[in-house]
Amino acid sequence: MTRSCCEHSESDDWRERAACIGEDPEIFFPLSDVAAPGAEASLARAVCRRCAVLVACRDWALEHGEDDGIWGATTAAQRRAIRRAAMEPAPQARRHGGGAG
Ligand code: SF4
């Protein structure tokens, strides 16, 4: 059985409007998106870029910690970076004291 980014037990409206329906699921699950981004990831991301539900898909993958495959035009490594950045504390506002003391 092949995997697909749009074969899930949950039923969400956005999945029914996915541009990847009917596409080869293998391009959405390249063997590595870190060492060799490869043609598959590029093909998948090209499909995502014309997808009407890209944001919903990416947000779902981020919220659910999806750590495999291309979702919403992001690789697993990119989603990990987004999650790390979201967990970092906001930088402290610089004090503007207007002088010494
Ligand atoms: S953004 Fe990409 S992976 Fe997500 S539903 Fe659309 S085509 Fe599929």
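Student: Why is E40 called partly exposed, and not buried or exposed?

Tutor: In this predicted model, E40 has 19 other C-beta atoms within 10 Å. Buried would require 20 or more and exposed 12 or fewer, so a residue in between is called partly exposed, and that is the class of E40.

Student: Where does E40 lie, and what does E40 touch beyond its sequence neighbours?

Tutor: E40 belongs to helix α2, and once residues up to four places away in sequence are set aside, E40 touches E26, I27 and P30. The C-alpha atom of E40 is also separated by 9.8 Å from that of D24, although these two are 16 residues apart along the chain.

Student: What makes V53 buried?

Tutor: The count around V53 is 21 other C-beta atoms within 10 Å, and the threshold for burial is 20 or more, so V53 is classed as buried. V53 sits in the loop between α2 and α3, where, leaving aside neighbours within four places in sequence, V53 is in contact with W14, R17 and A18.

Student: Which residues of α3 are buried, and why are they said to line one face of the helix?

Tutor: The buried residues of α3 are C57, R58 and A61. Viewed down the axis of α3, the buried residues fall within an arc of 95 degrees, and therefore they line one face of the helix. These buried residues pack against α1 (13–16) and α4 (76–87).

Student: What makes a group of residues a nonpolar core, and which members of the largest one touch the most others?

Tutor: The members must be buried residues of nonpolar kinds, joined through C-beta atoms within 7 Å; the largest such core has 14 residues, of which A44, C51 and I70 touch the most other members. Helices α2 and α3 each supply at least two residues of this core, and α2 gives the most, with 4 residues. In soluble globular proteins, nonpolar side chains tend to be buried together. Leaving aside neighbours within four places in sequence, C51 is in contact with A18, A19 and C20.

Student: Which residues are closest to the ligand, and what is the make-up of its shell by class?

Tutor: The ligand is surrounded by 16 residues, of which A18, C20, C48, C51 and C57 are the closest. By class, the shell has 15 nonpolar residues, 1 polar residue and no charged residues. Among the helices, α2 (38–49) and α3 (54–63) each provide at least two residues of the shell.

Student: What pattern does the protein chain follow as a whole, and how many of its residues are buried, as a percentage?

Tutor: The protein chain has 4 helices and 0 strands, in the order α-α-α-α along the sequence, and 24% of its 101 residues count as buried. Among contacts with a separation of 6 or more, 45% join residues 24 or more positions apart.

Student: How confident is the predictor in the protein chain, and where is confidence lowest and highest?

Tutor: The mean pLDDT of the protein chain is 81, with 72% of the residues at 70 or more. Confidence is lowest in α2, with a mean of 88, and highest in α3, at 97.

How values were computed: Residues numbered from 1 in each chain as written. Predicted model: local features only at pLDDT ≥ 70, side-chain atom pairs only at ≥ 80, totals over all residues. Contact = placed C-beta atoms within 7 Å. Near = placed C-beta within 6 Å. Nonpolar A, V, L, I, M, F, W, Y, C, P; charged D, E, K, R; others polar. pLDDT = per-residue confidence, 0-100. Arc of directions from axis to C-beta.
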